[in-house]
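Hi everyone, thanks for making time for this one.

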Amino acid sequence: MASQYLIVVKFLALISLFNISSASRLLSTPLQDPQDQLLRYHNGALLHGTIAVNLIWYGNFKPSQRAIVADFITSLSVSSPTQPSVAAWWKAIEKYYHLAGSKTSSSALSLYLGKQLLDDTYSLGKSLSQKQIVQLASRGDQKNAINVVLTAADVTVDGFCVNRCGTHGSKSALVKGKKYKFAYIWVGNSESQCPGYCAWPFHQPIYGPQSPPLVAPNNDVGLDGIVMNLGGLLAGTATNPFGNGFYQGSTAAPLEAASACPGVYAKGAYPGYAGDLLVDPQSGASYNAHGANGRKYLLPAIYDPSTSKCSTLV
């Protein structure tokens, strides 16, 4: 079953009572038995080896918008000369592989930007079901791939803006007579539908403590929101690709590597405040990671299983 990535503006105050109050809050006792940690390992396979991240653009996206996401994917494996970097953020995922040990492949995970497929004719219409999302994801490679479906601002998807901003899951496929599973992700552009829900803190929140919106680092609330959600979903996909990796709670709506740290982007975070972020002196934009081609991004905290804390870059 697909895993839902829930943005926490609506439920932030409630969730924070037992998950987070700041980037350094202890979530469980450090160095305890892994079975007692917040995120338990369920002995399933993690993604490993060299994996292509294919981008499937559904609807109308400008070339400049597509470049924001493409540069982000490239940044995962190509470290920026300026720190903190997107690559350093992604490196935190390695700790999950160390914990899994011999129960999964020891091969390191390496992501790279694969194919980009454009469907700007809205071939399936402007109102999509989850079944149609999987149908779109199946257009990408079905072996050694994460197929990412990105829907435009004028596309509605079941559950979008109601209880999720994106999902991840997996699908079986036959490739040259052999059975494989490929991972998929969907994220929607919330700019015109629910920016206060799926693009916070770059828009006034719909619920909870009210604070002025931050300036988006790529000057695009919808696409910067997509990157935030995509980052969290990639972390969940790597560490819980098939529903039996690292997670806590229900398999239908599990806490995963990023969703275990809702609303935390930097040290000092608390409900309604993303944390003490870096600020670009020229644009006034808030961010916490440098990427390829001079990009800046805002990425969620990653739960660190070795310290039982939410780990942030700044």
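Let's start with Asp119, which is buried, because its relative accessible area is 6%, and the cut-off for buried is under 20%. Please keep in mind that this is a predicted model.

So which residue does Asp119 meet in a salt bridge? The partner is Arg139, with N to O at 2.8 Å. Asp119 sits in strand β4, residues 109-119, while Arg139 is in the loop between α5 (130-137) and β6 (145-151), so this pair ties together parts that are 20 residues apart in sequence. Arg139 has a relative accessibility of 39%, so Arg139 counts as partly exposed.

In α5, the buried residues are Gln130, Ile133, Val134, Leu136 and Ala137. If you look down the axis of α5, these buried residues fall within an arc of 160 degrees, so they line one face of the helix.

Back to the charged pairs. As a reminder, side chains of opposite charge can pair when their charged atoms come close.

Arg295 lies in the loop between β13 (289-290) and β14 (296-297), and Asp71 belongs to helix α2, residues 63-75, so the pair ties together parts that are 224 residues apart in sequence. Are these two residues buried or exposed? Both Arg295 and Asp71 are buried.

The other is between Asp280 and Lys296, at 3.3 Å from N to O. This pair also links distant parts of the chain, with Asp280 in the loop between β11 (278-279) and β12 (286-287) and Lys296 in strand β14, 16 residues apart. Asp280 has 13% relative accessibility, so Asp280 counts as buried.

Last stop, helix α7, which covers residues 221-239. From its first C-alpha to its last, α7 reaches 28 Å over 19 residues, close to the 27 Å expected at 1.5 Å a residue. Of those 19 residues, 18 are buried, so α7 is largely enclosed by the rest of the structure. And if you zoom in on the start of α7, you'll find a side-chain oxygen of Asp220 that comes to within 3.2 Å of the backbone nitrogen of Gly222.

That's my tour, and I'm happy to go back to any view.

Key:
Residues are numbered from 1 along each chain as its sequence is written. This is a predicted model: local features need pLDDT of at least 70, side-chain atom pairs count only at pLDDT 80 or more; totals for chains, interfaces and linings use all residues. Side-chain values use heavy atoms; hydrogens and water are left out. Helices (H or I, at least four residues) and strands (E, at least two) are DSSP runs, numbered from the N terminus. Buried means under 20% relative accessible area, exposed over 50%, partly exposed in between (1.4 Å probe, protein chains only). A salt bridge is a side-chain nitrogen of Lys or Arg within 4 Å of a carboxyl oxygen of Asp or Glu. The arc is that of the directions from the helix axis to the C-beta atoms. The expected span of a helix is 1.5 Å times one less than its number of residues. A polar contact is a pair of N or O atoms within 3.5 Å; within protein, one must be able to donate a hydrogen and the other to accept it, and residues adjacent in sequence count only if both atoms are side-chain atoms.
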